[in-house]
Amino acid sequence: MTGPRAYADAPGLRREMHRLLALGAERDGRRAGPVTGPPADPTAAERAWLLRRAALMDRMALGGGSGPAAAAAETAERLVRFDRRHPGLVAGPYRPDTITLARRRRLYVRQEYAAWTAAGCPGS
């Protein structure tokens with residue numbers, strides 16, 4: 001799946017970056033969040049955060065450069081590892097246990113981001 005197609009409905013890079021920084025601060029306890037308690041499904045919330053972060057890095061890497069590409073590869077790897085432990089949260093046709101080549105991990109992120117947005121962004 002191409003980046004433009006997978007991220008067609010994604011918020012702007014700057015907006016998503018600020019939102020992920022805020023969510024990360026809430027997640028790590030560095031900032032109080034708008035929610036008064038833990039998420040209904042903490043595993044789904046963790047996956048949504050990992051997926052959004054991997055998608056943001058992938059989108060930044062699509063512009064070129066080795067730094068963004070390395071960061072995109074690392075965050076994609078984290079999502080693949082998480083999804084291997086929680087296969088029930090995977091939405092796309094290609095399963096994380098079939099992703100063996102590093103270059104396929106970013107394609108996996110795109111697949112999962114497109115499926116996640118199509119499903120209404122569960123866990124966020």
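This report walks through the helices, salt bridges and surface of a predicted protein model.

## Overall make-up

The protein has 5 helices and 0 strands. Read along the sequence, its pattern is α-α-α-α-α. The chain holds 124 residues, and 39% of them count as buried.

Charged side chains also pair up in this model. A search of the whole structure finds 8 salt bridges. Several are described below.

## How the helices cross

Two packed helices are described by the angle between their axes and the distance between the axes. Start with helix 3 and helix 4. Helix 3 covers residues 42–61, and helix 4 covers residues 66–85. Their axes come within 8 Å and cross at roughly 155°. Angles over 145 degrees count as roughly antiparallel. Helix 3 and helix 4 are therefore roughly antiparallel to each other. Their crossing is left-handed.

Now take helix 4 and helix 5. The axes of this pair also come within 8 Å, but the crossing angle is roughly 65°. Angles of 65 to 115 degrees count as roughly perpendicular. Helix 4 and helix 5 are therefore roughly perpendicular to each other. The crossing of helix 4 and helix 5 is left-handed.

Which residue does arginine 52 pair with in a salt bridge? The partner is glutamate 16, and the closest N and O atoms are 2.8 Å apart. Arginine 52 lies in helix 3 and glutamate 16 in helix 2, so this pair ties together parts that are 36 residues apart in sequence. Is arginine 52 buried or exposed? Its relative accessible area is 10%, so arginine 52 is buried. Glutamate 16 also counts as buried, because its relative accessibility is 4%. The cut-off for buried is under 20%.

A second bridge joins aspartate 58 and arginine 110, at 2.7 Å from N to O. This pair, too, links distant parts of the chain. Aspartate 58 sits in helix 3, while arginine 110 sits in helix 5, which covers residues 102–118. The two are 52 residues apart. Both aspartate 58 and arginine 110 are buried.

Arginine 81 counts as partly exposed, at 38% relative accessibility. Glutamate 77 is buried, with a relative accessible area of 18%. Elsewhere, salt bridges that share partners join Arg47, Asp83 and Glu112 into one network.

## A nonpolar patch on the surface

Which residues form a nonpolar patch on the surface? They are Leu13, Met17, Leu21 and Met60. Together they have about 330 Å² of accessible area. Helix 2, residues 13–27, gives the most to this patch, with 3 residues.

Look at leucine 13 as one example. Leucine 13 is placed in helix 2. Its relative accessible area is 35%, so leucine 13 is partly exposed. Residues in a patch need over 30% relative accessible area, so leucine 13 passes that cut-off.

The cut-off for exposed is over 50%. Arginine 14 and leucine 56 are 42 residues apart in sequence. In space, their C-alpha atoms are 9.6 Å apart.

Cysteine 121 lies in the segment after helix 5. Most residues other than glycine have a negative phi. What is the phi of cysteine 121 near? It is near 60°, a positive value in a residue other than glycine. Cysteine 121 is partly exposed, with a relative accessible area of 26%.

Key
Residues are numbered from 1 along each chain as its sequence is written. This is a predicted model: local features need pLDDT of at least 70, side-chain atom pairs count only at pLDDT 80 or more; totals for chains, interfaces and linings use all residues. Side-chain values use heavy atoms; hydrogens and water are left out. Patches are made of residues with over 30% relative accessible area and no salt bridge: like charges are joined within 9 Å, nonpolar side chains (Val, Leu, Ile, Met, Phe, Trp, Tyr) within 5 Å. Accessible areas come from the Shrake-Rupley method with a 1.4 Å probe; for residues, only the protein chains shown count as cover. A salt bridge is a side-chain nitrogen of Lys or Arg within 4 Å of a carboxyl oxygen of Asp or Glu. Helices (H or I, at least four residues) and strands (E, at least two) are DSSP runs, numbered from the N terminus. Buried means under 20% relative accessible area, exposed over 50%, partly exposed in between (1.4 Å probe, protein chains only). Axes are lines fitted to C-alpha atoms, for helices over the stretch in contact, and angles run from 0 to 180 degrees between N-to-C directions. Angles under 35 degrees count as roughly parallel, over 145 as roughly antiparallel, 65 to 115 as roughly perpendicular and the rest as oblique. A crossing is left-handed if the near helix is turned anticlockwise from the far one by less than a right angle, and right-handed if clockwise.
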